[in-house]
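The following exercises are to be worked with the sequence and the model at hand. Each task is followed by a solution in steps.

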Amino acid sequence: MDIFRVLTRGAAINKKAAGVSKGNSVDYSKIGASNTPSSERQEHQMTKELDFFRNKKIVRKVEDLKKKESEEVKDESDEEDQEIKNENDDTTDNMDIGPKITNKMEAAALRKSYKGNLTGEDIPLPIGSFEDLITRFSFDKRLLNNLIENHFTEPTPIQCEAISTTLNNRDLLACAPTGSGKTLAFLIPLLQQIINDKESFGLKGLIISPTKELANQIFIECIKLSNRIFLDKKRPLQVALLSKSLSMKLKNKIISDKKYDLIISTPLRLIDVMKSESLDLSNLKNIIFDEADKLFDKTFVEQSDAILGLCQTKNLRKSMFSATIPSSVEEIAHSIMLDPIRIIIGHKEAANSNIEQKLVYCGNEEGKLIAIRQLVQEGEFKPPIIIFLESITRAKALYHELMYDRMNVDVIHAERTPTQREKIIERFKSGELWCLICTDVLARGIDFKGVNLVINYDVPRTAQAYVHRIGRTGRGGRSGKSVTFYTKLDSTAIKPVINVMKQSGCEVSGWMDKISKMTKKEKQQLKRGKGKEERKQISTVPRADRLKRVRKQEMIEGSKRRKYKAEHKETEAHEQD
Ligand SMILES: Nc1ncnc2c1ncn2[C@@H]1O[C@H](COP(=O)(O)OP(=O)(O)OP(=O)(O)O)[C@@H](O)[C@H]1O
């Protein structure tokens, strides 16, 4: 237990040192600060933050390429260059001009640098910079300003491809690593298309997300980007998150069915509103499925299908985004889309390369708690940390175990109320909470910027679940670590994890490589969740101590009950008087 005491001793972060101001998030880089001078550190952090997949390197590469080309025709072009520069200055109001992709050769060099693989008919050229959008797509300058104000100065690889594909009105299936900016990759072109379509009124875009938390996060990003944008003098671009209260207002006609240009929702709530005909869908042009493989797996496929069935507009453009797109989902995509373009950045089904992945053999359940202690001892347990477990019961059990050790920890699972979930997420984001225990409800999409470590206390059921879980770290160009615990019960379940590690370029030892091959029977077993023995309960505390704990808890509750009764009696006596 002493190790935990050491860990929890500092539970009150020195908020000033950690870069917390009221209402702001923590700059986790400042916790446990190094000797680097702070200005230098901040600059380094900033550059790294914005330098997605070494984007600056990509930009330089394309610029080198252009330079090489221009050197060949240097003699005749000196004056001409000056003219082009002046022209560009005019079109962008003296904004810094980023690189432009003007031909297939430049596009190929750019794609090679970020391992972009595109298939489909007539693939459009990617964009090389956000400014590139102005000349090619008459991009809205207010939207560009909002991007820059929010420190989005260079597009990430998925943004280079998806923005241009969408603005060319193409259906799209996009797969890019976790934390690589897929949200803006669909939001930016969607907002531009809504701006372009200012003549028509009513709903033009729908974004579907599998969880409320993710829908809320997309909504917040969208509000940042659509800030101060008006479709005409009096009409701001209206975005809504389909909450319970909004859906009631729409159903009771308190709010017009034409009020919103864009709605973000989870599937069931949207279907409910659509079925009650409380939304005018006649102008709907775009539908986006975020975390598409989840939305088209067996839990959600009927709902997603129902939504598509209720959207009857002609030429509805469809997009699907995820960090993992299995072939079954690709098949669905091709059956519902028209001439889609398929964009894969990096390796399909691989984890983000910024994440250092590790496996730890724990023998049995007791070994897992010991392994956590070892991480603490070795200085690897650096907050903020997320710990994933396979069930609500196990998440609760680990929470109680770590709480008992006075660790700064909380738990999120489907049984917690939306308000509780919101509050915990806020505390975790602000740095007040150091360690978040959860089930897979938080495995997808949620963007906690500075997570240092993800622990898979239980081996995830699929390769996709693994990629998304560990993807809560190593986001936005930062580095991160993941540790997956396994026991002798996990000899089959660990194989997909090893395969993802191999795909992601991690060093995998000989024995791991050997055991990673799966038989057909094992694959089927895993798919059906069979062949798995029940895990033992979580706890290393001896039975006697556990009984003591239960008795103590009962005593506290008994005392609370007695106090309540006494107070109640007093009130009754007063009332009778
Ligand atoms: N062009 C950009 N420049 C700098 N930061 C960016 C850029 N685009 C996105 N980001 C930041 O990168 C982080 C991750 O983005 P996002 O949440 O969209 O990832 P994602 O690819 O959707 O991940 P996941 O697969 O886990 O859902 C966010 O904090 C976002 O603000």
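A residue counts as buried if 20 or more other C-beta atoms, placed from the backbone, lie within 10 Å of its own, as exposed if 12 or fewer do, and as partly exposed in between. The model is predicted, so local features need pLDDT of at least 70 and side-chain atom pairs count only at pLDDT 80 or more, while totals for chains, interfaces and linings use all residues. Residues are numbered from 1 along each chain as its sequence is written.

**Exercise 1. The chain as a whole**

Task: State what share of the chain is buried, and how many helices and strands there are.

Solution. Step 1: of the 577 residues of the chain, 41% count as buried. Step 2: helices (H or I, at least four residues) and strands (E, at least two) are taken as DSSP runs numbered from the N terminus; the chain has 23 helices and 16 strands. Step 3: two residues are in contact if their C-beta atoms, placed from the backbone, lie within 7 Å. Among contacts between residues at least 6 apart in sequence, 78% join residues at least 24 apart.

**Exercise 2. The faces of helix H5**

Task: Determine which residues of H5 are buried and which are exposed on the other side.

Solution. Step 1: in H5 (residues 104-113), the buried residues are Glu106, Ala107, Leu110 and Arg111. Step 2: viewed down the axis of H5, these buried residues fall within an arc of 135°, so they line one face of the helix; the arc is that of the directions from the helix axis to the C-beta atoms. Step 3: the general rule is that an α-helix has 3.6 residues a turn, so residues three or four places apart point the same way. Step 4: Lys104, Met105 and Lys112 are exposed on the other side of H5. Step 5: lysine 115, which follows H5, has a positive phi, near 55°.

**Exercise 3. Leucine 133**

Task: Is leucine 133 buried or exposed?

Solution. Step 1: locate leucine 133 in helix H6 (residues 132-137). Step 2: leucine 133 has 25 C-beta neighbours inside 10 Å and therefore counts as buried. Step 3: leaving aside neighbours within four places in sequence, leucine 133 is in contact with Ile127 and Phe139.

**Exercise 4. The shell around the ligand**

Task: Explain where the ligand lies relative to domain 1 and domain 2.

Solution. Step 2: 22 residues surround the ligand, the closest being Thr178, Gly181, Lys182, Thr183 and Gly476. Step 3: helix H9 (residues 182-196) gives the most to this shell, with three residues. Step 4: domain 1 and domain 2 both give residues to the shell, so the ligand lies between them.

Note on methods. A residue is near a molecule or strand if its C-beta atom, placed from the backbone, lies within 6 Å of it. Domain bounds come from an automatic or database domain assignment.
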